[in-house]
Amino acid sequence: MKIKICSRSVLEKMSGSGFGPRTAVISITDVNEKEVRFYREPDFLLRLCFDDINSPFDMYGDARKLAVNLFSREQADQLAEFVFHCKDHIDILICQCRWGYSRSAAVAAAVREYFFQSGMKIFSDEEYYPNLYVFRETLKALKRISNLESRKMKVSVYSRKAVEKLIQEGFPDKTAVISFYDPETSGHIYEDYCPVDYKGKTDRLIRVPLHDIDLSVLPDFGLTYETYFPEADHVAKFIYSVKEDGYDIICQCEYGESRSSGCAAAILEHFYGTGISIFADYRYYPNQVVYHKILEALEAYKGKS
């Protein structure tokens, strides 16, 4: 990941010619400054608004105004989360402020220092005058969010065959399971078909009988989007419960390709904004109805809690 620093005018020129396909931009404006307009937005864009103030104790101007315009912890965390979210999907991170030498340089120095231990290169360059307060707060936020990232809930996708092998070889501790299985009305079920047996392997298990069908086929089964997968709200509550208790989650279905991957993608998208990682994986063909139903249920549950 290359890190570039630029001014507003330079960024606007770059926007006119178009950004590369793997580019992220952190655009910082003053409180009374208009946001940068893009002819075409980059793949990843974060806009932040705070003045170039070096310290909470920097008392030039109106002190009450400074308290509002100062780079906040919330903004620092937002910035750090943005960097962690896009870092594996980009080649270039552009840091921009009005003149391209203070706030943007501070952010770039903090990112370089955290990931490459090379922040001093920016401080040593006479072209830049990094805002020390922004640098320190950004670096602290990157470390803080990194600790949260390391404690992320692991979400895995398994087929029946793979999970039965896992059960035999050693099921992981503190792992909950969402197990999708074919309803009795499925025509292809063999005579002794039954859901996977997790007895004694996990104390957090939810089983869901669900047809692996898409939106266009729902009427053939006498279903609508509203009546398909009525257990979605219950699954969302289950997911929040096990996450709060520090569990990882296995999403499992017969072949580990469609229902389970749609469920996993919804969980990852809701909590971490990384559901695309499932859709981009050639091993999976996420059931999009399952994905949308679970994502909607998770968002509704969050709104209630």
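Two strands count as paired if DSSP finds at least two bridges between them. In this predicted model, five bridges join strand E6 (residues 175-181) to E7, the two running parallel, and within that pairing Ile178 stands opposite Ile206 in E7. The briefing below takes up the sheet, then the helix contacts, and then the confidence of the prediction.

**The sheet**

- Four strands, in the order E5-E8-E6-E7, make up an open sheet whose pairing is parallel.
- The edges of this sheet are formed by strand E5 (155-159) and strand E7 (205-209), each of which pairs on one side only, and from one strand to the next the twist averages 20°.
- Helix H7 (residues 160-169) lies across E5 and strand E8 (248-253), and the direction of H7 is at about 105° to that of E5.

**Helix H8 against helix H11**

- Two packed helices are described by the angle between their axes and the distance between the axes.
- For helix H8 (residues 232-244) and helix H11 (residues 288-304), the packing angle is about 60° and the axes are 8 Å apart; the two helices are therefore oblique to each other.
- H8 passes H11 in a right-handed crossing.
- On the H8 side the contact is made by Ala232, Asp233, Val235, Ala236, Lys237, Ile239 and Tyr240, which meet Lys293, Ile294, Ala297, Leu298, Tyr301 and Lys302 in H11.
- By residue class, this contact of H8 with H11 divides into nine nonpolar and four charged residues, with no polar ones.

**Helix H9 against helix H11**

- Helix H9 (residues 259-272) also packs with H11, at an angle of about 35° and with the axes 8 Å apart, and the crossing of H9 and H11 is right-handed.
- From H9, the residues Arg259, Gly262, Cys263, Ala265, Ala266, Ile267, Glu269, His270 and Phe271 meet Val290, Tyr291, Ile294, Leu295, Leu298, Glu299 and Lys302 in H11.
- The residues of the contact of H9 with H11 divide into ten nonpolar, two polar and four charged.
- Ile294, Leu298 and Lys302 of H11 are listed in the contact with H8 and also in the contact with H9.

**Confidence of the prediction**

- The mean pLDDT of the chain is 90, and 91% of its residues reach 70 or more.
- Over residues 59-67, however, the pLDDT is below 50, and this stretch has eight contacts in the model beyond near neighbours in sequence.
- Where pLDDT is low, the predicted coordinates should not be read in detail.

Notes: Residues numbered from 1 in each chain as written. Predicted model: local features only at pLDDT ≥ 70, side-chain atom pairs only at ≥ 80, totals over all residues. Heavy atoms only, no water. Axes fitted to C-alpha atoms, helices over the stretch in contact; angles between N-to-C directions. Contact = heavy atoms within 4.5 Å. Parallel < 35°, antiparallel > 145°, perpendicular 65-115°, else oblique. Left-handed = near helix turned anticlockwise from the far one by under 90°. Nonpolar A, V, L, I, M, F, W, Y, C, P; charged D, E, K, R; others polar. pLDDT = per-residue confidence, 0-100.
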